[in-house]
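Subject: Structure for your files

Hello,

Here is the structure I said I would pass on. My notes follow below it.

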Amino acid sequence: MLTDYERLAAMNKDHLWHPFTQMKDYNNSDPLIIERGEGIMLYDVQGRAYYDGFSSVWLNVHGHNVPELNQAITEQLGRVAHSTLLGMANVPAIELAEKLVGITPKGLNKVFYSDSGATGVEIAIKMAYQHWHNQGVRGKTKFITMNQAYHGDTIGAVSVGAIPLYHDLFRPMLFPTYVVPYPYAYRHEGGETGAMKATLTALRNLLETCADEIAALIIEPIVQGASGIIVMPPGCLREMAVLCRKHGVLLIADEVATGFGRTGVMFACDLEDVSPDLMVVGKGLTGGYLPVAATLATDEVYRSFYADYQEQKTFFHGHSYTGNPLGCAVALASLKLFEERNMVERVSAKASFVESKLAVLKERPHVGEIRQKGLMIGIELVRDKVSREPYDWSERIGVRTSLRARELGMLTRPLGNVIVFIPPLASSEAELDAMTDILAESILHVTEGG
Ligand SMILES: *Cc1c(COP(=O)(O)O)cnc(C)c1O
């Protein structure tokens, strides 16, 4: 007789193809099969408990199985699960749009829904392109992105991506972009000032020569996530926004990872009072419950599409589940919890606590930079701290550390040699204490033997 676990594991192996996963490795390991969640814990079908140390890939906010969020979905389910937004509306989609406009940077007054960060990015790119076309401006058809950028996995989003391992293979099928360096202080001999200067100089030069070919700059504001949690030097984002405005290039802020309190403010743009022309949100929007994303636009962008039908300025884009009522209802409930529980205000104390806990790792010989903004943390493992020599990719140091953490009861997923710690915002100090202990123990176990 097969156990439940064995039966599921066999079917998983036979029929599932997992994202970002080499299936040959995966099928030779014991799969983790989650059955339920409660608070910030996830439980597998064998009854083992794990801290959700990466918020189920950077999504979760209030924990799992949250009564208020569950109730919002059930109540909406009793009305209607889905009706289209193509030429008609539904109640939660309207209410959520009004709410989003209220909490996002000023000027963003229009909400266009989709169902993932990547689709939200596609929409922003197409809107920026068509925005210029609709005004009769010809030639502004290109985009600027940043070195090591990640904006999702659909073709448009991959075009503005710049992570060689994920994106280079597809280059022949992508549209070309201009790339400016993300200001990475750690790898720059001039430190923060030097890195920021290099970015701003590259952007300024590009804009001075090519602005009339460029529709928009797309950026991960303040923190570049998938490249390894890289934090911008203060002031850089603001300067970049000023340059874009001056040269008539739209600014697209991809807040898919940084939005909804993650960096200690509601949106990373708020840290530098930046109001982008287009902003993409996803991940934490529904508290990590359902796939809803949104692209927000200024009145100015919206107005360039607003015309008599015969002028052919309509934005011909949409997805089957755009504005899904269940998803919008749970997003509204999540935003209500943000207010009632002061979720954003409480991030900075939690972030300081994590920072103090991780200080024990600072002097270890294989811990490089510990990068943090709010509750977004990346710990870089290096073969040699002094020379900053990295571990070879084939050693899979990040994967091994995450596996050790799993054995010790916490889930996370590395970015190469960078260990990611992105706990749900709702994590209590006691939970952060336990998770950071596991994190430190796994890192020391893998890098210093045992
Ligand atoms: C995760 C992510 C995306 C893609 O979102 P999906 O919902 O996975 O498509 C886009 N941009 C950033 C910055 C992200 O972190």
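N65 has a relative accessibility of 36%, so it counts as partly exposed (buried is under 20% relative accessible area, exposed is over 50%, and partly exposed is in between, with a 1.4 Å probe and protein chains only). N65 sits in the loop between helix 3 (55-58) and helix 4 (67-77). Helices here are DSSP runs of H or I with at least four residues, strands are runs of E with at least two, and both are numbered from the N terminus. The phi of N65 is positive, about 55 degrees, although the residue is not a glycine.

This is a predicted model, in which local features need pLDDT of at least 70 and side-chain atom pairs count only at pLDDT 80 or more, while totals for chains, interfaces and linings use all residues. Residues are numbered from 1 along each chain as its sequence is written, and side-chain values use heavy atoms, with hydrogens and water left out.

K283 is another residue other than glycine with a positive phi, near 20 degrees. K283 lies in the loop between strand 11 (278-281) and strand 12 (293-298). Its relative accessible area is 24%, which means that K283 is partly exposed.

V347 belongs to helix 13 (residues 347-358). V347 counts as buried because its relative accessibility is 1%. Leaving aside residues up to four places away in sequence, V347 touches G261, R262, G264, G374, L375 and L425, where contact means heavy atoms within 4.5 Å. V347 and R262 are 85 residues apart in sequence, and their C-alpha atoms are 7.7 Å apart in space.

Regards
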